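Please read the points below alongside the sequence and the structure. They are set out in the manner of a colleague's note.

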Amino acid sequence: QVAIGIDLGGTQVRAALVDEQGRILARAAEPTDALAGPDRVLAQICGLTDGLLAASNPASVVGVGVSAPGPLDTVAGVASNIPTLSGFVDFPLKAELQKRFPFPVDLENDAIAAAIGEWQFGAGKGLDNLVYVTVSTGIGGGVVSDGRVVRGRKGMAAHVGHMSVVPNGELCPCGNRGCFEAYGSGTAFARRAQIRAVESSGTTIGSDGGAIDSRSVFAAARNGDRLANQLIDEEAEILGRGFTSLIHIFSPDTIVMGGGLSHEFDRLQPGIQGYITQWAMPAFKDVRVMLAALDQNSGLVGAAALAFLTRK
Ligand code: BMX
Ligand code: ZN
């Protein structure tokens, strides 16, 4: 038996055939036609899956799981507004997908789908309690508690990026100020680096004239740049503070970190773990932060895992 996983993102649509062990048997992807509207994007999804099914001819497909950028009402199956995809406003995504597939369709918010992938087949395999946090453009989350996926009203639980951490703080894409995402995301990290590199003399960040992004800061840090290392230590502290709150709220066995910034996990982990060890209440100090094991496939494999889970 296989399931089809779809990861619908603002830059790429990806599809995979995944078996019950979480192995990707076949995959296909293309750039999302993000400005073309829902009809075109749905046609892209169907094109990718048709291609996969034709090439591999699987015995039985249990279902299609679709991961899409949140906040998404997965109970009603409606995308109220996907900022990265034009036309997905109050769009009945689940019903429109179901019209196009002869298999049952399930919909999940992207970070919850990634949490499911890591829980079933990745760093959180075999655990009953985990919090997955993606740190990339934004900060998203997914929670498994007592062996169940936490979905909440409308299936929109675990928007951990929007915990308010600073009164009247930095503006967040959600419209509020002071959210965890507005401080801890890769975007926020790069913005801080840009501002501080201008203010500081003697830093090598951006000295080659290239764009200052997360990658260039980590590269400068590896070459011993003081400001770069300081910025990274601050980022680890911000993440550590947010993760410590999540540890206190959910009492997870582990926090699994994914997303773009997790590519620098080795550099960030000691600072994050150090914060937790220092500031979590005594009974929580031993909770470890782990790197997502499925990397950029957490959501893709998780979407397929969703199809298996809902049919068990
Ligand atoms: C935002 C929010 C979350 C998402 C998170 C991480 C939108 C479109 N997204 O907080 O639903 O999980 O960003 O998103 O409102 P990423 O694109 O950085 O992975
Ligand atoms: Zn916010």
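1. Basis of the note. The model is predicted; local features need pLDDT of at least 70, side-chain atom pairs count only at pLDDT 80 or more, and totals for chains, interfaces and linings use all residues. Residues are numbered from 1 along each chain as its sequence is written, chains are lettered from A and ligands numbered from 1 in the order in which they are written, and side-chain values use heavy atoms, with hydrogens and water left out.

2. The metal site. H162 (ND1), C172 (SG), C174 (SG) and C179 (SG) coordinate the zinc ion (ligand 2) at 2.1 to 2.4 Å. Donors are N, O and S atoms within 2.8 Å of the metal (3.2 Å for Na, K and Ca), and sites may look incomplete because water is not among the atoms. Along the sequence, the donor residues of the zinc ion (ligand 2) follow the spacing H-x9-C-x1-C-x4-C.

3. Geometry at the zinc. The site of the zinc ion (ligand 2) is tetrahedral, with angles of 105 to 120° among its 4 donor atoms. Four donors count as tetrahedral if all angles lie between 85 and 135 degrees. The ideal angle for four tetrahedral donors is 109.5 degrees.

4. Is C172 buried or exposed? C172 counts as buried because its relative accessibility is 4%, whereas C174, at 44%, counts as partly exposed. Buried means under 20% relative accessible area, exposed over 50%, and partly exposed in between (1.4 Å probe, protein chains only).

5. A helix pair. Helix 5 (residues 186-199) and helix 7 (residues 226-250) pack at an angle of about 145°, and their axes are 11 Å apart. The contact is made by F189, R192, A193, R196 and A197 of helix 5 and by L227, Q230, L231, I232, E234, E235 and I238 of helix 7. Axes are lines fitted to C-alpha atoms, for helices over the stretch in contact, and angles run from 0 to 180 degrees between N-to-C directions. Helices (H or I, at least four residues) and strands (E, at least two) are DSSP runs, numbered from the N terminus; contact means heavy atoms within 4.5 Å.

6. Two buried residues. G258 lies in strand 11 (residues 254-258) and is buried, with a relative accessible area of 2%. Leaving aside neighbours within four places in sequence, G258 is in contact with Y132, V133, T134, V135 and A292. T49 belongs to helix 1 (residues 38-56) and is buried at a relative accessible area of 1%. Not counting residues up to four places away in sequence, T49 touches I4, I6, A15 and F101.

7. Positive phi values. Most residues other than glycine have a negative phi. D146, in the loop between strand 9 (139-145) and strand 10 (148-149), has a positive phi near 50°. N168, in the loop between strand 10 and helix 4 (180-184), has a positive phi of about 55°. D146 is exposed, with a relative accessible area of 64%, and N168 is exposed at 71%.

8. An exposed proline. P83 is placed in the loop between strand 5 (79-81) and strand 6 (89-91) and counts as exposed at 70% relative accessibility. The C-alpha atoms of P83 and G10 are 8.5 Å apart in space, and the two residues are 73 residues apart in sequence.

Notes:
Tetrahedral: all angles 85-135°; square planar, octahedral: opposite > 155°, others 65-115°.
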